[in-house]
Amino acid sequence: MIQHFVPTTLKEALKILDERDCYIMAGGTDLMVQKHRGSGLLPNFDKDVLYVMNIKELDYIKTDAEGNLRIGAMNRYCELMNSSLVPDIFKTVFKEIASPNIRNMATLVGNIANASPAGDSLLPLNLFNARVVLSSVKGNREVLVEDFIQGVRKIDRQKNELITEVIIPNCDLNFYYRKVGSRKAESITKVSLMGGYKIEGGKIKDLRIVFGSISVKVVRNHFIEEKYQGKSVNELRARIDDIINEYDHEIKPITDQRSTMEYRKKVAKNLLRDFLKHVK
Amino acid sequence: MKISFVINNKKVSLDVEPSMRLLDVIRNELHLTGTKEGCGEGECGACTVLINEEPVNSCLYPAINAANKNIMTIEGFRETNEYRVIADAFADRGGSQCGFCTPGMILVTYSLLKKNPHPSEEEIRFALSGNLCRCTGYQAIVDAVKVAAVKGIKL
Ligand SMILES: Cc1cc2nc3c(=O)[nH]c(=O)nc-3n(C[C@@H](O)[C@@H](O)[C@H](O)COP(=O)(O)OP(=O)(O)OC[C@H]3O[C@@H](n4cnc5c(N)ncnc54)[C@H](O)[C@@H]3O)c2cc1C
Ligand code: FES
Ligand code: FES
């Protein structure tokens, strides 16, 4: 028989995870769908379940001494959208995730751990070089969200680890974000792009580009980004076609029930062009 | 596992699996069948209930997450003055046809007007964007929310 654990302290939770392999349940908006069996039936759990939404220590949105934003594993989109500490670009992204009802249940950490290629929060998290903190009885470690997600539902987490928080460094850039889906609300992303840039004295000081839903994980190519740092805005604009070509091998979408490979590829390139035209 | 919460202003303690969908707790354990099941996957909002005054989809809500919280279903909300204002507005504007989406629509309308008594059309559509209706084409529902806002909900 499977067991259910509802710890109220982190210490308790980590001890349980150290002793057994558990599903971890936060808001349930992914897990309850994945384990759904039908009306009136219990979800299909084949191993123990640990629930995190009673661990009050993991409920906070705060900034630390270095100016990083720190968000606990219990915090839901609705709370983040109402917090003055959360950067506007994150709020823009959250507003287009699921529906208001779901945003009252779903956590940011759940979106990261679910590691879907269409996870929308992963774009700003990648762009800001955000990190997750993984805790176990042995201690804590920090991993860049970019490295934490390794593929479709593949994450760098050991069985005894719990994600306890997300750390988002301060990042002062101009942003661009487009999510392409079938409709406004409740639409899973077909293609998305977030760009960030900073210009000083006509030169590019910082350039960052991330794509969603066009590969097994969010795509970010640091090599291409760095190549254009220090270049003038005019040069960047003159080389838009080259840049699109440079990203060609990164754009490897699939055909699924939501869209085709050809459509995704074309839209991804159009979004990239549109973003690069915005850089001024 | 024993799970306690307040539902429709009554304290309840139940022995249920923590993973049971709150929707099944409400419909099958407590026999409150005003909360509906459409998709069972978080997409339609027929199963909307308020938890601490916020609308959530009870079909994805594990029962244990409701422990010690305050749940309101359409049965409890029916007893309030606010319900009368909103229900009259829905009747007035034809905002309900088959009625399957209506409990959810009404609870979301209430939570919207409580936070924002004079919403714009865009804000109304945004607030209702997780609640689907197969009958009305939505305009009648949006109009009903506007009527309810004008009549005002004394809070
Ligand atoms: C109708 C609908 C529409 C949606 N639309 C969008 C959308 O537009 N964009 C989008 O990005 N997402 C969308 N989603 C998915 C989104 O709701 C989830 O990804 C959500 O953010 C997950 O958070 P949760 O708290 O519900 O996680 P859960 O479902 O509780 O968990 C998700 C995963 O994370 C793991 N996990 C949770 N917490 C921890 C932790 N502390 N440590 C380790 N692992 C953990 C779980 O084990 C599970 O694998 C949609 C979902 C639905 C039902
Ligand atoms: S039944 Fe819950 S959202 Fe459709
Ligand atoms: S009135 Fe029939 S679904 Fe809305």
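The model is predicted, so local features need pLDDT of at least 70 and side-chain atom pairs count only at pLDDT 80 or more, while totals for chains, interfaces and linings use all residues. Residues are numbered from 1 along each chain as its sequence is written, chains are lettered from A and ligands numbered from 1 in the order in which they are written, and side-chain values use heavy atoms, with hydrogens and water left out.

**Stop 1: around ligand 1**

Display the 33 residues around ligand 1, of which Ile24(A), Gly27(A), Thr29(A), Asp30(A) and Thr107(A) come nearest. A residue is near a molecule if one of its heavy atoms lies within 4 Å of it.

Next, select Asp30(A): an N or O atom in its side chain is 2.5 Å from an oxygen atom of ligand 1. For the side chain of Tyr77(A), the corresponding distance to an oxygen atom of ligand 1 is 2.8 Å. Asn111(A) also has a side-chain N or O atom 2.8 Å from an oxygen atom of the ligand. Taken alone, ligand 1 exposes 990 Å², and the protein buries 93% of that (areas from the Shrake-Rupley method with a 1.4 Å probe; for residues, only the protein chains shown count as cover).

Three elements of chain A give two or more residues to the shell: β2 (22-25), α6 (108-114) and β10 (162-168). Helices (H or I, at least four residues) and strands (E, at least two) are DSSP runs, numbered from the N terminus. Which element gives the largest share of the shell around ligand 1? That element is α6(A), with five residues.

**Stop 2: aromatic rings**

Over all chains, the structure holds ten aromatic pairs. One of them joins Phe77(B) and Tyr83(B), edge-to-face, at 6.0 Å centre to centre with 90 degrees between the planes. Rings of Phe, Tyr and Trp (its six-membered ring) pair if their centres lie within 6.5 Å; planes under 30 degrees apart count as stacked, over 60 as edge-to-face and the rest as tilted. Phe77(B) and Tyr83(B) are both buried (under 20% relative accessible area; exposed is over 50%, partly exposed in between, with a 1.4 Å probe and protein chains only).

**Stop 3: Asn131(B)**

Select Asn131(B), in the loop between α5 (121-127) and α6 (139-151) of chain B. Is Asn131(B) buried or exposed? Asn131(B) is buried, because its relative accessible area is 3%. Its side chain reaches the backbone oxygen of Gly45(B) at 3.2 Å. Leaving out residues up to four places away in sequence, Asn131(B) touches several residues, among them Asn101(A), Cys44(B) and Tyr138(B) (contact means heavy atoms within 4.5 Å).

**Stop 4: Glu225(A)**

Move to Glu225(A) in helix α9 (residues 222-227) of chain A. This residue is buried, with a relative accessible area of 4%. Its side chain makes a polar contact with the side chain of Arg220(A), at 3.0 Å. A polar contact is a pair of N or O atoms within 3.5 Å; within protein, one must be able to donate a hydrogen and the other to accept it, and residues adjacent in sequence count only if both atoms are side-chain atoms.
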